[in-house]
Amino acid sequence: MYNKSKGKGTSNPGDDWEALRAMFPTNFGMEKPKKKYDWFEADSKKDKDKKKEDKEEDNNNKKDKDKTEITEKSDIPLKEDLHKNQESDQEIDEKDDNNNSDSDSDSDMELNYKIPPISHEVKLEGHTKMVSALSLDPSGSRLATGSYDNYVKLWDFNGMDMSLRSFRTIEPEEGNQIVDLKFSITGDQILIATNGSMPRLYDRDGILIEEYIKGDPYLQDMRKTKGHIQALSSCMWHPYDKQVFMTSAADSTVRLWDVNQKRSHKDIIVVKSKNRGTKTRISSACFNLTATNIAVGAQDGIIRIYDPRSISRPSITIEEAHMSGSDIGSLEFSRDGRLLLSRATDDTLKLWDIRHESKPLFVQRDLNCFYAETNAIFSPDEQYVLTGTSVKKEDGPGQLKIYYTQGAPLDLNGNNDNDNDDNDNDHHHHHHHKKDKKKNKKGHRGRSFDEAYSLEVGRHSVVKLLWHQRINQILVGNGDGATYVLYDPEKSINGAKLCANKQPRRKKVDEYEFISRSSGQIYTPHAIYKEGSSGNSKRKREKLRNDPIASHHPEMPLNGPGRGGRVGTNYTHYMMKHIMKDTTHDEDPREALLSYAKKAEENPYFIAPAYKKNQPKPVFDESELDEEELNREVKRRA
């Protein structure tokens, strides 16, 4: 029975059941009806399909007959056929475009690095001095360049057009040159090292995130200092830990930092010099791909390789790797971590096997190097080694040198010992070396360590190099302040290709600014005056909101002791610094007026032109009054 105790009025149980049933789908609790004649329906479908095919064939045959009759009568094609052909051509083109897009996506996965992409060039101008640092984010869309002009410029290939302008300029530390910079492994942060002692961390839009501490310069034991005390020389991110980065400096230390700890380094490597009691400048430091080794190049000519688990002493030491007193400005490991490439200011390029460090696998001499920032890199497939040469301004452009590296491990068996000996000898043996080079090129792509390409880039020295794996493009930092992007339209992807032929956006009518010549303002006398109504304020507010610098909250002055590299202050000191005292009451008014006498004679403007004809020379009242007469005159005027 239905319970009527709940509720004030009576209700029908059928209504409640219908309301409950409305909440469920219509087929809830129902079985699907079984078809008794499924075989009959399938046969009928087959018959229908056959009939459709027969009709289509008959129609096609009729059309073909009509076409043949018309072509026999006249050679003019039908409009319908032309229209259909155009549609079919469009469909084919769309299919081809889809195939091309698919091929581009496939080319992102498999790129060919056998031939360097050097057929085309794009020039990025903006710096006034040598480009000393280059870095691309992992996607290859955003570029950061640093220079000796103390500025860092950010470039966005996706947003640039043919004008090739950077979208942001940063000055990390006033008066200090940029030494090195690196994008993080995720591409959202930029680590910048300058000639100062404090590394800085920025986001990808150029906003300062953190400034790391400077050490105490009065402490002699470097292990007790919390930061560098001399100029930085290089910086590098951890290969797979985005919270750790490494810096080296002239204070004979290499320091590992935690991104979230700005007050002190995480770990420190103190490099001991040959001469006891002295320090040696660290010019470069790098991780291998697995972060199991840290290679350190010092000014004493020694390359030291440390194990991060025990950094008290180097696990491998390469004595006399380069000339003592020269900067080993570039070190780079191969992917397997066995080969080490070094470039120094002693005009040499060397390739080492860290398992047999007594003798280099390859030595290339007479490569002029004037700057410690000159680097050497492997190609993405490690078939080539790239480096640049330095020249004086009068000697013309520098050169980009590309050498073969295939077969380098075979030298351990003694196959190419004679070739290395030839390289170590004087210039008398170079003619024989060139002959052997030509012979080996007949049956093979090129003997290992032969010169593959040599091309002139820019107007001055070739300093910094970068070959990005994902977009297959080579970036060259030049001594003339420009960055050159070398690419191949067929083998490279995105990057400079996006902006090389991109036309600048045309301005709309409401974006033009009309300014009068006289006062710089436009007056509309019959319009309603509104205070501050100049242009489209909404659009300006949106631009300011999108600008990270304009919308960044200013930093307030510190109270009390300084922290984070900033000097502490109080409000009294701040007011005295920014609000200067008025010292005009200490000046003599007569001397202040006489200081403008020469200007008044040279350029008379107000009173003097009125007396120019009648009284060209001014006559002054030089009579002196006594004190009594002066007092009378004062009383009379009062």
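Select Glu-451 to begin: this residue counts as partly exposed, with 27% relative accessibility. The model is a predicted one.

**Stop 1: the partner of Glu-451**

Lys-401 sits in strand 24 (residues 398-404) and Glu-451 in strand 25 (residues 451-457), so the pair ties together parts 50 residues apart in sequence. Is Lys-401 buried or exposed? Lys-401 counts as buried, at 12% relative accessibility. The cut-off for buried is under 20%.

**Stop 2: Arg-459 and Asp-480**

Select Arg-459 and Asp-480 next. Their side chains meet in a salt bridge, at 3.5 Å from N to O. Arg-459 is in the loop between strand 25 and strand 26, and Asp-480 is in the loop between strand 27 and strand 28, so this pair ties together parts 21 residues apart in sequence. Asp-480 is buried, with a relative accessible area of 11%.

**Stop 3: strand 27**

Select residues 473-478. This is strand 27, and six of its six residues are buried, so the strand is largely enclosed by the rest of the structure. Color its two faces separately. Gln-473, Leu-475 and Gly-477 are buried on one side. Ile-474, Val-476 and Asn-478 are buried on the other. Side chains in a regular strand alternate between the two faces of the sheet.

**Stop 4: the neighbors of strand 27**

Six bridges join strand 26 to strand 27, and the two run antiparallel. Find Lys-464: this residue stands opposite Gly-477. Four residues lie between the strands in this hairpin, where Asn-472 takes a positive phi near 55°.

Strand 28 pairs with strand 27 in the antiparallel sense, over four bridges. Which residue of strand 28 is the bridge partner of Gly-477? The partner is Thr-483. This hairpin also has four residues between its strands, and Gly-481 takes a positive phi near 90°.

**Stop 5**

Move to the open sheet of four strands, in the order 14-15-16-17, with antiparallel pairing. Its edge strands are strand 14 (282-287) and strand 17 (316-318), each pairing on one side only. From one strand to the next, the twist averages 15°. Zoom in on strand 14 and strand 15 (residues 294-298): five bridges join them, and they run antiparallel. Ile-282 has Ala-298 as its bridge partner in strand 15.

**Stop 6: Lys-262 and Glu-210**

Select Lys-262 and Glu-210. They form a salt bridge with the closest N and O atoms 3.4 Å apart. The pair links distant parts of the chain, 52 residues apart: Lys-262 is in the loop between strand 12 (253-258) and strand 13 (267-270), and Glu-210 is in strand 9 (residues 208-211). Lys-262 is partly exposed at 33% relative accessibility. Glu-210 is partly exposed too, at 23%.

**Stop 7**

Keep 321-355 on screen. Its end C-alpha atoms lie 15 Å apart, and the span is 0% helix and 46% strand.

**Last stop: the whole protein**

Zoom out. The secondary structure comes to eleven helices and 28 strands. Of the 638 residues, 36% are buried. The accessible surface is about 43,300 Å², with 49% belonging to carbon and sulfur atoms. The structure holds 16 salt bridges.

How values were computed: Residues numbered from 1 in each chain as written. Predicted model: local features only at pLDDT ≥ 70, side-chain atom pairs only at ≥ 80, totals over all residues. Heavy atoms only, no water. Pairing = 2+ DSSP bridges. Axes fitted to C-alpha atoms, helices over the stretch in contact; angles between N-to-C directions. Buried < 20%, exposed > 50% of the residue type's maximum accessible area, 1.4 Å probe, protein only. Areas by Shrake-Rupley, 256 points an atom, 1.4 Å probe, with all protein chains shown as cover. Salt bridge = Lys/Arg side-chain N within 4 Å of Asp/Glu carboxyl O.
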